[in-house]
Amino acid sequence: MNKFFMQQAQQLQARLAKAQEELANIIVEATAGGGAVKVTMTGQQKITSVKIAPEVVNPQDIQMLEDLILAAVTEALAKSQEAAAKHLSAITGGLKIPGLG
């Protein structure tokens with residue numbers, strides 16, 4: 001392999017490692033049920049917080065609460081993936097690298 005190519009690959013690898021660390025500092029929030037359930041997630045798709053308003057906790061209707069939690073987590077995940085893809089595309093120049101958002 002060409003020495004220049006190897007240097008370029010190493011530089012890209014270093015920039016990607018730094019970007020992965022930076023993703024931990026990107027925070028997204030999503031809500032469901034008009035704010036009754038709020039999920040906070042990092043750009044690395046790690047859930048950091050789930051808040052549930054007491055008024056939606058009804059032992060007679062657990063299904064509704066489950067649906068609200070699922071909706072909030074799904075939305076947070078989509079927002080996190082979008083933020084990560086945007087952040088990483090600035091580094092990769094839009095090149096799609098498997099496993100990087």
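Trainee: Which residues make the nonpolar surface patch of about 310 Å²?

Mentor: Ile-47, Val-50, Ile-52 and Val-57 make that patch. A patch is built from residues with over 30% relative accessible area and no salt bridge, where like charges are joined within 9 Å and nonpolar side chains (Val, Leu, Ile, Met, Phe, Trp, Tyr) within 5 Å. The areas come from the Shrake-Rupley method with a 1.4 Å probe, and for residues only the protein chains shown count as cover.

Trainee: What should I know about the model itself?

Mentor: This is a predicted model, in which local features need pLDDT of at least 70 and side-chain atom pairs count only at pLDDT 80 or more, while totals for chains, interfaces and linings use all residues. Residues are numbered from 1 along each chain as its sequence is written, and side-chain values use heavy atoms, with hydrogens and water left out.

Trainee: Thanks! Back to Ile-52: where is its place?

Mentor: Ile-52 is in strand S3, residues 47–52. Strands (E, at least two residues) and helices (H or I, at least four) are DSSP runs, numbered from the N terminus. Ile-52 has a relative accessible area of 36%, so it is partly exposed. On that scale, buried means under 20%, exposed means over 50%, and partly exposed is in between (1.4 Å probe, protein chains only).

Trainee: In what order do the strands form the sheet?

Mentor: The order is S1-S2-S3, in an open sheet of three strands with antiparallel pairing. S1 (27–32) and S3 are the edge strands, each pairing on one side only. Neighbouring strands are turned by 15° against each other on average, direction ignored. That angle uses axes that are lines fitted to C-alpha atoms (for helices, over the stretch in contact), and angles run from 0 to 180 degrees between N-to-C directions.

Trainee: How many bridges join S1 to S2?

Mentor: Six bridges join S1 to strand S2 (residues 37–42). Two strands count as paired if DSSP finds at least two bridges between them. If you want a landmark, Ile-27 stands opposite Thr-42 in S2.

Trainee: Is Val-37 buried or exposed?

Mentor: Val-37, which is found in strand S2, is buried, with a relative accessible area of 0%. Leaving aside neighbours within four places in sequence, Val-37 is in contact (heavy atoms within 4.5 Å) with Ala-30, Thr-31, Ala-32, Lys-51, Ile-52, Leu-65, Leu-68, Ile-69 and Ala-72. So Ile-52 from the patch turns up in this list too. The C-alpha atoms of Val-37 and Pro-54, 17 residues apart along the chain, are separated by 9.7 Å.

Trainee: And Ser-49, buried or exposed?

Mentor: Ser-49 is buried, with a relative accessible area of 19%. It sits in strand S3, and beyond its neighbours within four places in sequence, Ser-49 is in contact with Lys-38, Val-39 and Thr-40.

Trainee: New topic. How many salt bridges does the structure hold?

Mentor: Three. A salt bridge here is a side-chain nitrogen of Lys or Arg within 4 Å of a carboxyl oxygen of Asp or Glu. Lys-18 and Glu-22 meet at 2.7 Å, N to O. Lys-79 pairs with Glu-75, their closest N and O atoms being 3.2 Å apart, and for Lys-38 with Glu-29 that distance is 3.7 Å.

Trainee: Why are Lys-18 and Glu-22 separated by about one helical turn?

Mentor: Because they are four residues apart in helix H1 (residues 3–23). Lys-79 and Glu-75 are likewise four residues apart, both in helix H2 (residues 62–92). As a general point, side chains of opposite charge can pair when their charged atoms come close.

Trainee: What about the accessibility of Lys-38 and Glu-29?

Mentor: Lys-38 is partly exposed at 29%, and Glu-29 is partly exposed at 42%.

Trainee: Which residues is Ser-80 in contact with?

Mentor: Leaving aside neighbours within four places in sequence, they are Val-28, Met-41, Thr-42, Gly-43, Gln-44 and Gln-45. Ser-80 lies in helix H2 and is buried, at 0% relative accessibility.

Trainee: What is the phi of Gln-45?

Mentor: Gln-45 has a positive phi of about 65° although it is not a glycine. Most residues other than glycine have a negative phi. Gln-45 lies in the loop between S2 and S3 and is partly exposed, at 33%.
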